[in-house]
Amino acid sequence: MSCRRALMALLLATCATLGLADGGDEPESGAVGLERAPATAASWANPFAGDPRAIRAGHKLFQRHCAECHGDNALGRGKAPPLISRRVQGAPGGELFWFLTNGDLGGGMPAWSRLPDARRWQLVSFLKTLSPPAAP
Amino acid sequence: MSRYCRPNRLSLLLLATLTSLEAEAQERPFFVTYNHQMEEPDSLEIAVNPLLGTQRGGGAFLASWIELEYGVKGWWTTEFYLDGQATRNDSAVLTGIRWENRFRLERLEHRINPVLYLEFESLNEADKTLLEVVGHDVEADHAVPNDQSRRASKRELEVKLLLSSNFKGFNLAENFIAEKNLANTPWEFGYALGFSRPLALAASPDPCSLCAENLVLGVEMYGGLGDGRGLGLRDTSHYIAPLLAWNLPNGMAFRVSPTFGLNGNSHRFLLRFGVSYEIPGLGRRLRRMWGGDGA
């Protein structure tokens, strides 16, 4: 096989791969995967709880890493769920931290374990400041 | 306006994505070692990675690879590489292509996170990117003039087991490499180890570019382990490379790594650079543009 044919084959394979990335197994809005968190996660304490600097840092991190999918105002976008939902806002901070760490790899949410623990807790601090929608 | 300069949908999309003010940028700091960090789904990273090398018995060279990395799923990342090199007092040649796929084997974070790496390579012997060292790879392999080495092509399958752990802000990655020339040659083996940490673990509340939270320091070490006819650390080359990565909030990332040979079979000194740009959500935008729901 010549180099040119190998290149064509690889390009075709790449196109096929991109075609597979249809997001078809992503979760419906509202289903966020928090239910998979272990029971112990609820007891994990946020070391930045109540720290306004951490909330600002979390907002900065949200804009950098999360807003592309969840929207600038965390209202959700496409199949990325809104983060102002009662499910998210009612979840203990430790559950949110667990979910940020592990993500939902089959559902389109990346694992943010690449961010140090401190930054994930800062994100949790910011997420907990978002207002849940008013009760119907 | 002539039809040749009328902006089309693709150019508008590229303009819109490249001018995004905020983008994810958390580039893997290593050049050779892989950790369990995957590309975000639907995101495309474009990188250029030049390598300046010196060699005994041959001219200094500039090798480089262009890398396109795409997140197919949260657990599956695919990458396409185009390699080339230019050698002083010799010539500049394209040296081949690579197509790699990485699959996370566990959906949840563990103390040690395994990833399976599969790569197909169609290269010629002029390749000097040193993206891995396996078997009995030595410096003298690169002293062959390009007009001879480029005629010897090889197609190889490379399999790696990537193990990676995060603790207290540190990342430790170990890679075990097995490479098989699809012609009748034995399996060749190699290793890569990496260790990195951001200079600051917490983010500052204010926007910043040149600040500790955006800088990552690390070191990686890699080399050959012999082949199916004889395993071992001898008669091959080994390198150690401190590295610095700078991840900018706008999606750009820069990396630099002075690399030192650890034995007489190794290049004495190599200098690696990396520049990358991440386009978040590109797949989603393309699907939205061409009639999908874009979600």
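Colleague: Which helices are included in what covers the buried residues of helix 6 of chain A?
Modeller: The cover includes helix 2 (52-65), helix 4 (86-89) and helix 5 (93-102) of chain A. Contact is taken as C-beta atoms, placed from the backbone, within 7 Å. This is a predicted model, in which local features need pLDDT of at least 70, side-chain atom pairs count only at pLDDT 80 or more, and totals for chains, interfaces and linings use all residues. Residues are numbered from 1 along each chain as its sequence is written, while chains are lettered from A and ligands numbered from 1 in the order in which they are written.

Colleague: Why is helix 6 of chain A described as largely enclosed?
Modeller: Because 9 of its 11 residues (117-127) are buried, among them Trp121(A) and Phe126(A). Buried requires 20 or more other C-beta atoms within 10 Å of the residue's own, exposed 12 or fewer, and partly exposed lies in between, with C-beta atoms placed from the backbone. Helices (H or I, at least four residues) and strands (E, at least two) are DSSP runs, numbered from the N terminus.

Colleague: What stands opposite Asn247(B)?
Modeller: Ala253(B) in strand 12 of chain B.

Colleague: And Gly264(B): buried or exposed?
Modeller: Gly264(B) counts as exposed, because it has 10 C-beta neighbours inside 10 Å. Gly264(B) sits in the loop between strand 12 (252-261) and strand 13 (269-279) of chain B.

Key. Contact = placed C-beta atoms within 7 Å. Pairing = 2+ DSSP bridges.
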